[in-house]
Amino acid sequence: MDVLSLRTGLLSAGIRSLAFASIATVASGLDLGAAQAALLARVPAAREMAVCGEMLFVGTKGSSVYSLPVSGGRARVAASGFSAANGVACSGNRLFVASRNSVTAFDIGTGGALSGRRDIRRGLANSGVHSYRYIAVGPDSRLYVSLGSPCNICLTHGLQGTIVSMKQDGSDFRRVAWGVRNSVGFDWHGGTMFFTDNGADRMGDNIPPDELDELRPGGFYGFPYFGGGIRLKGFESARPPAQQIPPVFDFQAHVATLGIHFFHSLGGDALVAEHGSWNRTVPVGREVVRVRFQGGRPVSVATFVRGVGRPVDVKEAPDGSVLVSDDSGGAIYVFKQ
């Protein structure tokens, strides 16, 4: 597999193709061949993306959700008035937005126009510093939403530090995972949900790991007692309330794994956006990595692309292209083979 580096300094406000620079090839020998990178659009503080037919919707850290054609073009405000409109997902002709306080549904019309706004769920758990909600539609057609913990390491209350699911009208609300520090990305592979979880800070450069977890409905994932297999500071001797389900894969500490997506164009492997460390002695992350799966299990990770600012989410366009959002640069990039 080629490691790709985007020379962002050459990008202008328009959509301009660049050649990928091949930096290294891993032992698998897979050659991605010639590829091109382009700036698809400028979107302020771009976060989660949703590919809805020929339209792309983009959540943000701010009050607005943006839309643009997947093929490229100027992004426009599709809806506003949210508190941290991070999460977006679509099902048929409906768009769902997960903000700090609520889950809101819209009908998608011609050209991505949104109408019929209604809050299907209000009063989401207070997640403090981890209040950027991620949302996705599962193979069971239910909505899944992450509700982060409100702290670095602390006891949580109520639905803090969980992943919940509900029907598309907001009813039949269920907790499906708990003891989750802060998941800002999940997707399904072979009918099983895999979700990323950010490890705790202020325990040194190399522990605890960021996690990739497999959903076992109702399962406890260890926080704040464990980060991966590491006992967390202040809870070294505390007795957990349930048996921890350990991660299925450990990422390097502090890379800040966020969005994950399984790609048909990559043979079912996953790409994961690593937002990057903020307080590590030697910075890590700020790249997109490829997680290889064999027999339905993750077995290895390697850099897929660098130089895309602070990547937040990854999605697959209808033509197999890779879409990457960057909240620090306010951009959506597209990578074509």
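A cavity is a set of grid points where a 1.4 Å probe fits but cannot get out.

**View 1. The largest cavity of the predicted model.** A search of the whole structure finds 1 cavity of 30 Å³ or more, and the volume of the largest cavity is about 60 Å³. Its lining comprises 13 residues, of which Arg181, Glu211, Phe223, Phe226 and Gly227 are the closest to the centre. By residue class, the lining consists of 6 nonpolar, 4 polar and 3 charged residues.

**View 2. The ring pair of Phe82 and Phe106.** The search for aromatic pairs over the whole structure returns 12. In the pair shown here, the ring centres of Phe82 and Phe106 lie 6.3 Å apart with planes at 70 degrees, so the arrangement is edge-to-face. Phe82 belongs to the loop between β8 (76-79) and β9 (87-91), whereas Phe106 belongs to strand β11 (residues 102-108); the pair therefore ties together parts that are 24 residues apart in sequence. Phe82 is buried at 8% relative accessible area, and Phe106 is buried at 4%. Arg117 lies over the face of Phe82, 4.4 Å from the ring centre.

**View 3. The ring pair of Phe249 and Phe251.** The centres of these two rings are 5.4 Å apart and their planes meet at 70 degrees, so this pair is edge-to-face. Phe249 has a relative accessible area of 13% and is buried; Phe251, at 4%, is also buried.

**View 4. An aromatic cluster and a charge over a ring.** Tyr134, Tyr144, Phe186 and Trp188 are linked into a cluster by ring pairs. Elsewhere, Arg47 lies over the face of Tyr132, at 4.6 Å from the ring centre.

View 5. Pro208 is located in the loop between β18 (192-197) and β19 (210-214).

**View 6. Positive phi at Ala45 and Asp172.** Ala45, although not a glycine, has a positive phi of about 50 degrees. This residue is in the loop between β4 (36-42) and β5 (46-52) and is partly exposed, with a relative accessible area of 22%. Asp172, a residue other than glycine, has a positive phi near 55 degrees. Asp172 is placed in the loop between β15 (162-166) and β16 (174-178) and is partly exposed, at 32% relative accessible area.

Methods. Residues are numbered from 1 along each chain as its sequence is written. This is a predicted model: local features need pLDDT of at least 70, side-chain atom pairs count only at pLDDT 80 or more; totals for chains, interfaces and linings use all residues. Side-chain values use heavy atoms; hydrogens and water are left out. On a 1 Å grid over the protein atoms alone, a cavity is a set of points where a 1.4 Å probe fits but cannot get out, and a pocket is an open set with protein on both sides within 12 Å along at least five of seven lines; lining residues have an atom within 4 Å of a point. Grid points are joined across faces, edges and corners, and a volume is the space filled by probe spheres set on the points. Ala, Val, Leu, Ile, Met, Phe, Trp, Tyr, Cys and Pro count as nonpolar, Asp, Glu, Lys and Arg as charged, and the others, Gly among them, as polar. Rings of Phe, Tyr and Trp (its six-membered ring) pair if their centres lie within 6.5 Å; planes under 30 degrees apart count as stacked, over 60 as edge-to-face and the rest as tilted. Helices (H or I, at least four residues) and strands (E, at least two) are DSSP runs, numbered from the N terminus. Buried means under 20% relative accessible area, exposed over 50%, partly exposed in between (1.4 Å probe, protein chains only). A charge sits over a ring if NZ of Lys or CZ of Arg is within 6 Å of the ring centre and within 35 degrees of the ring normal.
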